[in-house]
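Thanks for coming. I will go through one model, starting with the symmetry and then moving to a sheet and some helix packing.

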There are 2 protein chains.
Amino acid sequence: MILGACLAVGNPANRFPKRETPLTIDWIAADWGTTNLRLWAMSGRNAVEARVLDRGMGGLRPDEFAPVLADGTAGWPAVPVIASGMVGARQGWIEAPYVAVPCPAIPHLVPVPGDPGGRPVRIVAGVSQAGPADVMRGEETQVAGLLSLSPEFDGIVCLPGTHTKWVRVSAGEICNFKSLMTGELFGLIAGQSVLRHTVATEGSNPQVFLAAVSDAMARPERGFGGLFQLRAEALLGDLDPIEARARLSGTLIGWELAAAKPWWLGCDVTVIGAPSLSALYAEALGAQGVPAARMAVEDATLAGLAAAHRQFLATS
Amino acid sequence: MILGACLAVGNPANRFPKRETPLTIDWIAADWGTTNLRLWAMSGRNAVEARVLDRGMGGLRPDEFAPVLADGTAGWPAVPVIASGMVGARQGWIEAPYVAVPCPAIPHLVPVPGDPGGRPVRIVAGVSQAGPADVMRGEETQVAGLLSLSPEFDGIVCLPGTHTKWVRVSAGEICNFKSLMTGELFGLIAGQSVLRHTVATEGSNPQVFLAAVSDAMARPERGFGGLFQLRAEALLGDLDPIEARARLSGTLIGWELAAAKPWWLGCDVTVIGAPSLSALYAEALGAQGVPAARMAVEDATLAGLAAAHRQFLATS
């Protein structure tokens, strides 16, 4: 089996500290999503080494997960693996059935039978909500990470991404949540619609972005009516592609904020996501008078998987 | 050059009448869009034969248009060709510059230099609007067709499709118009997003569709918030894929009707489009108390190209 990519990431001093005595790898953390598999050799709460493979669940048959994990962890000891994300979906390695809300914001672990590769493997179960119907896989681990780092947290967690989640956390429980297809829609419109010729692939314009957020919140239908206009302005005039991108992302995030208003109005919000995307959400929320705290997605994921590992130790 | 497809369509009696004396082909009508090239051998206002080729402008270099037209019209006499659609875009055969609104709803023709293949070829210019910026290519010909068949028409023409157009026509002029990306968004969401597993590829449920239209018009942001819910309902329950399709199309058409309200409220609307799509729009408008007349898109296109041909005869 050929690895698509296996990159040791850089070792920033604060994450992979140099020590006199080398750290002992005692478990492996895995964030196994649709597109990528991220692996960390862990010593307690410290990451010793990190690898990224482009062998996400979306491209694997059930019998391919074990060899991909063996390749990805080559050279690491036969210690337990804690994995979260789409690896536990029905089309994944094994289905880790959803836990229904309200539920403790502590990862619920499902074992992969037979200790593949001589390592116990546990998959974090996703979380579901019966009404309105909703599901998450992976974000529950990040919420657990936030609570493990801030045990008193009570409020809303916003996890922007392909399917952005708004999660209400209180008294250590996930109470309820809401998913929006904002990131996926942005990708489809900016990358595959007629606007692909018009919208820059990166960059932002904060003033234009915030104006678009505000317009889309006040009159969502006007934002819908303005999408084709971006293309026409580029054809007839000289619309700057970065301005087009800011208007498109502002429109979509504005729709999202309008749809998710009960989730942030008068609430404490913490945004967990990639830096540039989190910055947009924090900016948009700030303009509505909601100061948003931010946490890096990798910190939340690793803290959540570490909490899951402690859970594994306590119950095995 | 190999033809991708060249199909003689059926000859319904009302379109291709059998006559004692065969009709003389005196011009060729061409609807040359992004994906397909539709050709009709015409005798005055009557179509004698029709062909469809999958050689749309989107897949052709400028030097390929002449040979594709030669192949598509093989066996037909060297009579003038009148073409409309994306063939006249900047990336098309030759750029037929936009005519700005307000403008007569009569096709404006731009010659392709050099009578390629021994046939004079004329391309119908698109129509543009400076503010709000907007453009059309092809729909102006259908509007001309409607006016040629109903010279007294005064009101709104709705042309649903990839980029739906709402066109205000008065005193024989295109006054202004508005484009919405409804069809393209539907295609991307239903065909390429996570909802592709959830949404049927055809079928409708009128009651569910109209409820979704009404919800999306009243609170567009709620429709946005409800998109991922379709996927979750399918995963957790047993959402019928046809119901999912009806909710998705109702949501998008509801957004469109909300955005285009000034274009239909209290107006005479004629819908020109493919039968099933036109039916959805007529249903949605009817539920708002707006009775919509309907015209088949091919009838409008042919009538518009015939009006353009008369224009060509009058000026050459």
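Chain A can be laid on chain B by a turn of 180° and a shift of 0.0 Å along the axis, with an RMSD of 0.0 Å; copies are superposed by least squares on the C-alpha atoms of residues with pLDDT of at least 70 in both. That is therefore the relation of a two-fold axis. In chain A, the C-alpha nearest the axis belongs to A:P220, 3.0 Å from it.

Some conventions. This is a predicted model: local features need pLDDT of at least 70, side-chain atom pairs count only at pLDDT 80 or more, and totals for chains, interfaces and linings use all residues. Residues are numbered from 1 along each chain as its sequence is written, chains are lettered from A and ligands numbered from 1 in the order in which they are written, and side-chain values use heavy atoms, with hydrogens and water left out.

Next, the sheet. In chain B, 3 strands form an open, mixed sheet in the order β6-β10-β11. Strands are DSSP runs of E, at least two residues, and helices are runs of H or I, at least four, numbered from the N terminus; two strands pair if DSSP finds at least two bridges between them. β6(B) and β10(B) pair in the parallel sense over 2 bridges, and B:V99 stands opposite B:V127.

Last, the helices. α6(B) and α7(B) pack at about 175°, with their axes 10 Å apart. Axes are lines fitted to C-alpha atoms, for helices over the stretch in contact (heavy atoms within 4.5 Å), and angles run from 0 to 180 degrees between N-to-C directions.
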